[in-house]
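Me: I am new to this structure. Could you walk me through a few of its features, one at a time?

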Amino acid sequence: MIIIAEKINGAIPSIKEAIANRDDKLIRERIQIQLPAKPDYLDCAPSTEPAQEYDAMKWLIGIMEEETDTPICLDSPDVMLLKRLLDEGATSRPGMVNSVNEEGVKCETIFPIIAGTDWNVLGLTCDKDGIPLDSEKKVTIAKQIIDKADHYGVALSNLHIDPCVMSLSTVPTAMTDFIYCIKAIHEYAPEVKVGGALSNISFGMPLRKYVNVECLTLALEAGLDSCIMDPSSALTMGALYAYEALAGNDTGGRKYNRAYRKGILK
């Protein structure tokens with residue numbers, strides 16, 4: 001399971017304030033609390049006004065690379081900002097680009113830059129009409145992104161597709177739709193990874209953490225490969241480690257036991 005640690009995101013009020021005030025102490029603290037679980041990537045999502053996003057992204061990258069050698073996920077809806085960062089070599093090592101989709105020329109902009117490199121990229125199943133509710137439409141968009149990645153020479157094993165999980169409170173079939181997409185994408189291109197921000201499913205519901213962890217478990221069983229999640233959450237990590245042990249992916253529960261001894265599970 002590939003973990004993209006989610007806590008450096010300007011959509012979180014405390015992070016938004018820290019970015020605005022250039023409070024590096026709080027940013028460093030939030031980075032450090034995510035590291036014990038050894039995430040594969042640290043999300044870097046300033047979520048600021050467009051005019052401020054480049055400077056905020058560069059500031060955050062600088063702090064992250066001082067704190068850890070964990071690769072960074074450059075997270076922005078602005079494809080030209082992502083292109084600028086990639087062209088400049090803004091990070092000291094390849095990470096992940098979040099994201100591309102079938103709106104405009106996002107795939108055509110990013111794929112040629114990362115082709116033949118170790119950069120990973122996340123593709124969202126949306127287009128000029130937004131996020132479709134129909135699962136078949138999502139899979140169709142996923143196939144278009146996959147075909148373009150292959151055309152430009154991006155290793156399909158470096159491509160992650162996010163089927164854009166919907167809120168269960170507004171789309172009662174959100175979980176079954178997500179499971180369908182995971183399986184259909186894997187059937188079309190087994191090398192491609194399927195992931196996403198699973199917490200979307202609990203939006204508008206009470207005690208969201210319980211909905212989120214059950215979504216994680218069901219998605220793992222369906223073949224989920226990567227996830228934007230909070231690795232400092234004992235509940236979330238407990239669900240992940242327990243699943244891996246029960247599914248036979250963690251022989252004898254060694255990783256589960258090690259996580260417990262390190263205090264990741266409480």
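Reply: Start with a helix. Leu235 sits in helix α9, residues 234-246. Helices (H or I, at least four residues) and strands (E, at least two) are DSSP runs, numbered from the N terminus. Two notes on the source: this is a predicted model, where local features need pLDDT of at least 70, side-chain atom pairs count only at pLDDT 80 or more, and totals for chains, interfaces and linings use all residues. Residues are numbered from 1 along each chain as its sequence is written, and side-chain values use heavy atoms, with hydrogens and water left out.

Me: Is Leu235 buried, exposed or partly exposed, and why?

Reply: Buried means under 20% relative accessible area, exposed over 50%, and partly exposed in between (1.4 Å probe, protein chains only). Leu235 counts as partly exposed because its relative accessible area is 36%.

Me: Where is Leu265 found, and what is it in contact with?

Reply: Contact means heavy atoms within 4.5 Å. Leu265 lies in the segment after α10 (254-261). Neighbours within four places in sequence aside, its contacts include Ala234, Met237, Tyr241 and Tyr260. Leu265 counts as buried because its relative accessibility is 8%. Met237 is 28 residues away along the chain, yet the C-alpha atoms of the pair are separated by 6.9 Å.

Me: How do I read the sheet? What is the order of its strands?

Reply: Two strands pair if DSSP finds at least two bridges between them. This open sheet has eight strands, with parallel pairing, in the order β7-β6-β5-β4-β3-β2-β1-β8. Its edge strands, β7 (193-194) and β8 (226-229), each pair on one side only.

Me: Which strands does β1 pair with?

Reply: β1 pairs with β8 over four bridges, in the parallel sense. Ile3 stands opposite Cys227 there. β1 also pairs with β2 (residues 41-44), over two bridges. Ala5 has Leu42 as its bridge partner in β2.

Me: Which way do the residues of β1 point?

Reply: Ile2 and Ile4 point one way, Ile3 and Ala5 the other, and all are buried.

Me: Which helix packs on β4 and β5?

Reply: First the strands: β4 (residues 96-102) and β5 (residues 120-127) pair in the parallel sense over five bridges. Helix α5 (residues 106-114) packs on the sheet and touches both; its direction makes about 145 degrees with that of β4. Axes are lines fitted to C-alpha atoms, for helices over the stretch in contact, and angles run from 0 to 180 degrees between N-to-C directions.

Me: What covers the buried residues of α5?

Reply: The buried residues include Ile110, Phe111 and Ile114. Their cover includes α4 (79-88), β4, β5 and α6. After α5 comes Gly116, with a positive phi near 80 degrees.
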